[in-house]
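Dear colleague,

A summary of the findings follows it.

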Amino acid sequence: MAVYTEVPFAEAAALIERLNLGTLTELRGIQGGIENTNYFVTSERDGQTVEHVLTVFERLSAEQLPFYLHLMKHLATHGIPVPEPAADAQGEILHRVQGKPAAVVDKLRGASELTPTAAHCAAVGALLARLHLVGRDFERRQPNLRGLPWWNETVPVVLPFIDDAQAALLRSELAYQNHVAQSSAYLALPRGPIHADLFRDNAMFEDGAVSGVFDFYFAGVDTWLFDIAVCLNDWCVRHGGDTDGQPEPALEQAFLSAYEGVRPLTPAERRLLPAMQRAGALRFWLSRLWDLHLPREAAMLQAHDPGHFQRVLRARLPNAPAPSAAPEAMAA
Ligand SMILES: Nc1ncnc2c1ncn2[C@@H]1O[C@H](COP(=O)(O)OP(=O)(O)O)[C@@H](O)[C@H]1O
Ligand SMILES: N[C@@H](CCOP(=O)(O)O)C(=O)O
């Protein structure tokens, strides 16, 4: 993740001690990610080395954060592999660092799989379905803050920075999504807490199995189908080269059949999946445009390419041209 807030060692050490996680020995800024400030935190407790992640929240408020942190706790205590937030002696899981809201969560083992196989996609599909079912008992409610109202607000903000063809595509897709959102089929879709950003870099694998999924700070109550679509758009597409953004049908099938092995899709979900894949592409095209053209100060920051999600969106329009290059020609 980017480092927007420099955390003094002594302040982190005091927090780690207060959380009964031992004596801080190392604090290391993490470069991946884009939303929050993250540090790997190593401490010594009872002669053991323990590792956590300290997140300082840059945009989310202390009112919004309990939803995410308690959702992670709920999922972790119901057997879903997600980082559990550390509590102080009063049971509080939301803390303050440098005057900003902060949390300390378990560090997951393993590494992200950026070139997933069908087996990786199936593992994530099955996990997502379990996560959706376990989320049904979670009582807190907060909408997906990067949903349709945010798209409607943000499109006019980015329009001055893009060319006419991009603006036309963005406007027409937004109009289409507003139309879909008013349909009775859409309003009847099953919904609940969703991750909403379960990209390849937000899951860890160890020895071929998922060791956990993390980064729940875009989670919210929305349709389960949108969550599936976000995953398909990242896990099951080609990355780079002339066919960037084109779907990989074998990976999509592996993901969906594993998901359906846990929770079968309803007929309406099947019908609306293409529309939700367009919605997922629009959402991340828009946030990447926003991050690129309206950036914040950061000590370490890697911007994401908006063009990729413009291509993902184009590849999902009904009259999308067929891929121009053979799969073998694809760069990783
Ligand atoms: N709980 C965790 N366990 C292991 N690694 C983590 C954890 N949380 C974050 N990371 C590491 O930090 C990186 C950035 O975190 P991320 O949550 O994606 O940042 P952001 O807050 O910007 O969304 C990840 O790619 C991963 O390498
Ligand atoms: N997954 C999003 C970026 C969101 O940032 P993250 O680091 O919190 O996942 C994208 O790829 O645009």
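**Helix packing and domain contact**

Helices α3 and α7 are roughly antiparallel to each other, a label applied to angles over 145 degrees. This is a predicted model, in which local features need pLDDT of at least 70 and side-chain atom pairs count only at pLDDT 80 or more, while totals for chains, interfaces and linings use all residues. Residues are numbered from 1 along each chain as its sequence is written, and chains are lettered from A and ligands numbered from 1 in the order in which they are written.

Helix α3 spans residues 118-135 and helix α7 residues 224-235; helices are DSSP runs (H or I, at least four residues) numbered from the N terminus. The two pack at an angle of about 165°, their axes 11 Å apart. Axes are lines fitted to C-alpha atoms over the stretch in contact, and angles run from 0 to 180 degrees between N-to-C directions. The crossing of α3 and α7 is right-handed, that is, the near helix is turned clockwise from the far one by less than a right angle.

On the α3 side, Cys121, Val124, Leu128 and His132 make the contact; α7 contributes Trp224, Asp227, Ile228, Cys231 and Trp235. Contact requires C-beta atoms, placed from the backbone, within 7 Å. Of the residues in this contact, seven are nonpolar, one is polar and one is charged.

The chain is divided into domain 1 (9-106) and domain 2 (118-329), with bounds from an automatic or database domain assignment. Their C-alpha centres lie 27 Å apart. Each domain gives 20 residues to the contact.

Conventions:
Parallel < 35°, antiparallel > 145°, perpendicular 65-115°, else oblique. Contact = placed C-beta atoms within 7 Å. Nonpolar A, V, L, I, M, F, W, Y, C, P; charged D, E, K, R; others polar.
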